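I opened my notebook to jot down what I could look up in this one. Here are my entries, in the order I made them.

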Amino acid sequence: MSSRIRLSDVAQHAQVSTATVSRVLNGKPDVSEKTRHAVLAALDMLGYERPEAMRARAGGLIGMIVPELSNPIFTLYAQEIERLLVGRGYMPLLCTQSPGGITEDEYVRILLERHVDGIVFISGLHADTEANPVRYHQLSDTPYVLINGANPKIDAPSFDCDDRYAVTQAVNHLVSLGHSRIGLLTGPQRFAPTQAKVDGFRSAMAAVLPDETPAIATSLFTIEGGQAAARSLIAQGCTGIIAASDLMALGAVRQSRALGLRVPHDVSIVGFDDSPLMAFTDPPLTTVRQPVSRISQAAVSTLIQLISGSEADTSSLTFAPELLVRSSTAPAHEGKTRG
């Protein structure tokens, strides 16, 4: 252990005892994964180098393929899965995609050449109903799991947020505030999560507002996409907007203001994901939180079981999201009273 590391500083930052810090630094087994992560995070935050023995502890390589990290929800998944894999003694290899960059298929080829023990796919081609699932059938010798985009044509463990329930929560919230003209702002229809959100939206609207025609606008999962599609929903008289991502919701806020409307006085907006910093936007965003931690834990545990040859539940699991009510939603204008 480096003499430059002050155990008391690390212990204070990690909110543990100096004895616990010592056990972590010396690789003792009687430390929980959560505590070990807190100590390592404290080391990193304080600028200390990890002891050599700790840097060399990884037991295998696992590939993690994610879309571009400009969407903060993917960064959140990547960080959580990395933390879990490192805690289990594996070295994650992060593969990020961007327009015009390396494709998912190319990343898979590179990972297989490096003899990874397994692969985690996050919102990949498995979520695209128009993509050929054969690419996954060819991975029969490499354990893998899928996150966000269950595909019945792919026989692999899948872990997803319940998108139908998420939209139902959002619809019911807006209806409880007196909104009757509600629109859904979503991404390309070929993606399984989009289809689930649309189905959930139509069902929820039919249940609580059967006389209203559901308003749906499709665009890209970006701020600019949300801004463009929100223009259509506002033109249709929507006073409540549900976005399929937080970035799209921020675009809807921007478009509302460009049209001289106030959020939430004139337009209430609900996001999806609860990406980092959404509680600090202007106004703080009401959103549906993806259970990133629970999904990641289930996916990593299953993958490691598959790698070790243990029996693992290979069925698809769906996790319930949570509606977080903040300041971007309020009672419909007609029902408001002002002091």
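**Starting in the core**

I started with Ile-122 and listed what it touches, leaving out residues up to four places away in sequence: Met-64, Ile-65, Val-66, Pro-67, Phe-74, Tyr-77, Ile-81 and Ile-147. Keep in mind that this is a predicted model.

Next I looked up the largest nonpolar core, which has 41 residues. Ile-122 is among those with the most contacts inside it, along with Tyr-77, Ile-81, Val-120, Ile-147, Phe-201 and Ile-242. Apart from that core lies another one, of 20 residues, including Leu-185, Ala-230, Ile-234 and Val-253.

**Strands**

Which way do the residues of strand E4 (residues 144–147) point? I found Tyr-144 and Leu-146 on one side, Val-145 and Ile-147 pointing the other way, and all of them buried.

Then I checked the neighbours of E4. Strand E3 (residues 118–122) runs parallel to E4, and 4 bridges join them. Val-120 has Val-145 as its bridge partner in E4. Strand E5 (residues 158–161) also runs parallel to E4, joined by 2 bridges. Here I noted Ile-147 opposite Phe-159 of E5.

**Two helices**

Last, I looked at helix H3 (residues 33–45) against helix H5 (residues 72–87): they pack at about 110°, with axes 10 Å apart. So H3 is roughly perpendicular to H5. H3 brings Glu-33, Arg-36 and His-37 to the contact, and H5 brings Arg-83, Leu-84, Val-86 and Gly-87. Sorted by class, I get 2 nonpolar, 2 polar and 3 charged residues in this contact.

Conventions:
Residues numbered from 1 in each chain as written. Predicted model: local features only at pLDDT ≥ 70, side-chain atom pairs only at ≥ 80, totals over all residues. Heavy atoms only, no water. Axes fitted to C-alpha atoms, helices over the stretch in contact; angles between N-to-C directions. Parallel < 35°, antiparallel > 145°, perpendicular 65-115°, else oblique. Contact = heavy atoms within 4.5 Å. Nonpolar A, V, L, I, M, F, W, Y, C, P; charged D, E, K, R; others polar. Buried < 20%, exposed > 50% of the residue type's maximum accessible area, 1.4 Å probe, protein only. Pairing = 2+ DSSP bridges. Core = buried A, V, L, I, M, F, W, Y, C linked by side-chain atoms within 4.5 Å.
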